[in-house]
Amino acid sequence: MPTKTLASACTLDCPDTCSLDVEVTENKITRIGASDVNPITQGFICTKVSRFAERVYSPDRLLYPMKRVGEKGAGKFTRISWDEAVGTICERFKEIKDEWGGEAILPYSYGGSNALLGQDTSDRAFFAKLGASRLARTVCAAPTSEAAQGMYGKMPGTAFEDYVHAKFILIWGANPKASNIHLVPYLKKARAAGAKIAVVDPKLNFSEKEIDLHLPVYPGTDVVVALALIHHWQKKGWLNWDFLGEHTKNVDVLLKKARQYPPEKAAEIAGVEAEDIKKLAEMYALHDPAVLRCGWGLERNRNGGQSVAAVLALPAVLGKFGLQGSGYTLSNSNAHKVDSRGLTDPISWNTRIINMNKLGKVLLEENDPPIKGLFNYNCNPVATVPNQKAIIAGLQREDLFTVVSEQVMTDTARFADILLPAVTFLEQKEIKKAYGSYTLHYLDPVIEPLGEAKPNEEVFALLGRSMGWQDQAFFDDTEAYLQRVTRSTHGMGKPVQLDQLKKEKIAFFDFPGRAPVQFQNIFPWTPDGKINFAPGNLGKNPYEYLDLKRNGYPLTLISPATDKLISSTLGEFNFPKLFLVMNPGDARARSLEKGATARIFNDLGEVFAPVQLSRKIRPGVVLIPKGAWRKSSKNGLTSTALVPDDVSSVGGGACFNDARVEVAVA
Ligand code: SF4
């Protein structure tokens, strides 16, 4: 049988949303590569997704519904039919609802790596109808989202391809080499054309030749460094008062706070050189166009929202907008507007809201009502959510009925009572909205679903019908959901045409033109069109700095993304061995040598991992990569076992980088 090349697009949690060419021989994927449908893909994709067929055909792939036959968490299951699985889930959920009320059931999901049909369609209708507890999906991007919404109304950001026009690029709390790789060629081009590049991050992810300045700030102190830049600009008289007067409000709140942080004071708090803060301030102020790439690293602590707000204020106080290659980029997820009300039936759902970062505590502590039923889908909390030991203990509860819908046997799936096999993005029809590039993608399946795997919209419709509910949401098929999604989605006020999207596989914006230029063809989407430096959702003190030192543990653990995993996806094969990265000085002080097994510990737990030494990580900070699976670790615990489940005051976000630890020879 000849090999076919079929069009697809990557739905994984990555800003780039590459278009793909997938080679298929005899209904088997033989190669996944780049296509030129999305110009940002630029003829290459990451090695992660080029190896995605290893997940599709993994020995750990879930192919049929199963029920638990062994101890909770032992991963022992036996095959059952879809009828039995659906019947059991409905029966158990009805029993729980009758005895404890609907709120005793918790749907648990996060939308990073799925597309528009996979979340908030029939699943929402199902849990609303049940009267289940609602979930605040805040494990990532909640503080950044609040800051961007309050200050700019989530205005579309500078397109990556326009970075080539910049003369100065500031990358703050982002690692494009791991999770936004298509920005990297544009950075190189800009630099070849003379642009200066500065990076603010506790760990340097570039070579020294690739950038001009690195500020290795201590995690959680970004807010004071950003305020110190503004302080310096105030002192130099470099604030753009014309721009501030015309396009912003509440700048006094910001400037008053910035006056408290001269560079010397901020340098002491952040553990960097005051001269470097001034150098950064001057690079930014004296180059035009200048662009800011703000990432998500700076939000992952209790000062997260305040830090993002102060960093997003930087281009505004200088008026660094209006030119190609100026402005800022954060998430462009709001550019294609999706009216979620159109995705499913209008079933009211006003139950209690549970922050997903508190899963362990919610499962273990007394609640009224307690959680007795858990439905986990699009998510692997054992590997990705703070307070891992509490989550594991909670999932071990014999009185907790747990359903997991998954592609492979994850660390969370092992705790299921009923396991449902889910399709991968290569086996389904979907519509994916990019959050980096300005594109909307249509996906056809490139292969038939493996085994009896099903897409989410079908699973929850099946469950709803089995409950005996007559709502249309449970009778619509995938095609009807594609219609719902396209009817509910608008790009720059234009409706999306499903037929055209199916034919062309991609829809672009017209700003006019394919790229927005902030304050030229796009302005803040706030109610009055102005940048608001003190929006209500940032609280009374939007730039307040909280000293995060605690517990007497001297080191801060960070857990950033790597080039191996997307959150925890692909952890079944692509991250076999956990490791700890530390500065040689910190290692020497603890008699730890390269390759030695370290014990990383705090009050929450301990993790054992071999040591890697790097001068690129600042002293006082150690790193264990994000998303690794339990099997990668010597004692079955990973970075999240050391992360407290505190949440940020803005957005209720996870505080991964608030973990304070000590490291010793194991
Ligand atoms: S993960 Fe990112 S870089 Fe990799 S294929 Fe998907 S969109 Fe492209």
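Trainee: Is strand β20 largely enclosed or open, and why?
Mentor: In this predicted model, strand β20, residues 439-443, is largely enclosed by the rest of the structure, because five of its five residues are buried.

Trainee: Which way do the residues of β20 point?
Mentor: T439, H441 and L443 point one way, whereas L440 and Y442 point the other way, and all are buried. In a regular strand, side chains alternate between the two faces of the sheet.

Trainee: How does β20 pair with β19?
Mentor: Strand β19, residues 430-433, pairs with β20 in the antiparallel sense over four bridges. The two strands form a hairpin, with five residues between them.

Trainee: Which residue of β20 is the bridge partner of K432?
Mentor: The partner of K432 is H441.

Trainee: And how many bridges join β20 to β23?
Mentor: Three bridges join β20 to strand β23, residues 506-508, and these strands run antiparallel. Within β23, A507 stands opposite L440.

Trainee: Changing topic, what is the order of the strands in the open sheet of three?
Mentor: The order is β14-β21-β22, and the pairing is antiparallel. The edge strands are β14 (336-338) and β22 (494-495), each of which pairs on one side only.

Trainee: How many bridges join β14 to β21?
Mentor: Three bridges join β14 to β21, residues 489-491, in an antiparallel arrangement.

Trainee: Which helix lies across β14 and β21?
Mentor: Helix α18, residues 478-488, lies across both strands and runs at about 40° to β21.

Trainee: On to the ligand: which residues are around it?
Mentor: The residues around the ligand are C10, C14, D16, T17, C18, I45, C46, V49, I181, H182 and I566.

Trainee: What is that shell like by class?
Mentor: The shell around the ligand has eight nonpolar residues, two polar residues and one charged residue.

Trainee: Why does K97 count as partly exposed?
Mentor: K97 counts as partly exposed because its relative accessibility is 34%, and that class covers values between the 20% cut-off for buried and the 50% cut-off for exposed.

Trainee: What is K97 in contact with, leaving aside its neighbours within four places in sequence?
Mentor: With those neighbours left aside, K97 is in contact with G102, K129, L130 and G131.

Trainee: How far apart are K97 and G529?
Mentor: K97 and G529 are 432 residues apart in sequence and 46 Å apart in space, taken from C-alpha to C-alpha.

Methods: Residues are numbered from 1 along each chain as its sequence is written. This is a predicted model: local features need pLDDT of at least 70, side-chain atom pairs count only at pLDDT 80 or more; totals for chains, interfaces and linings use all residues. Side-chain values use heavy atoms; hydrogens and water are left out. A residue is near a molecule or strand if one of its heavy atoms lies within 4 Å of it. Ala, Val, Leu, Ile, Met, Phe, Trp, Tyr, Cys and Pro count as nonpolar, Asp, Glu, Lys and Arg as charged, and the others, Gly among them, as polar. Buried means under 20% relative accessible area, exposed over 50%, partly exposed in between (1.4 Å probe, protein chains only). Two strands pair if DSSP finds at least two bridges between them. Contact means heavy atoms within 4.5 Å. Axes are lines fitted to C-alpha atoms, for helices over the stretch in contact, and angles run from 0 to 180 degrees between N-to-C directions.
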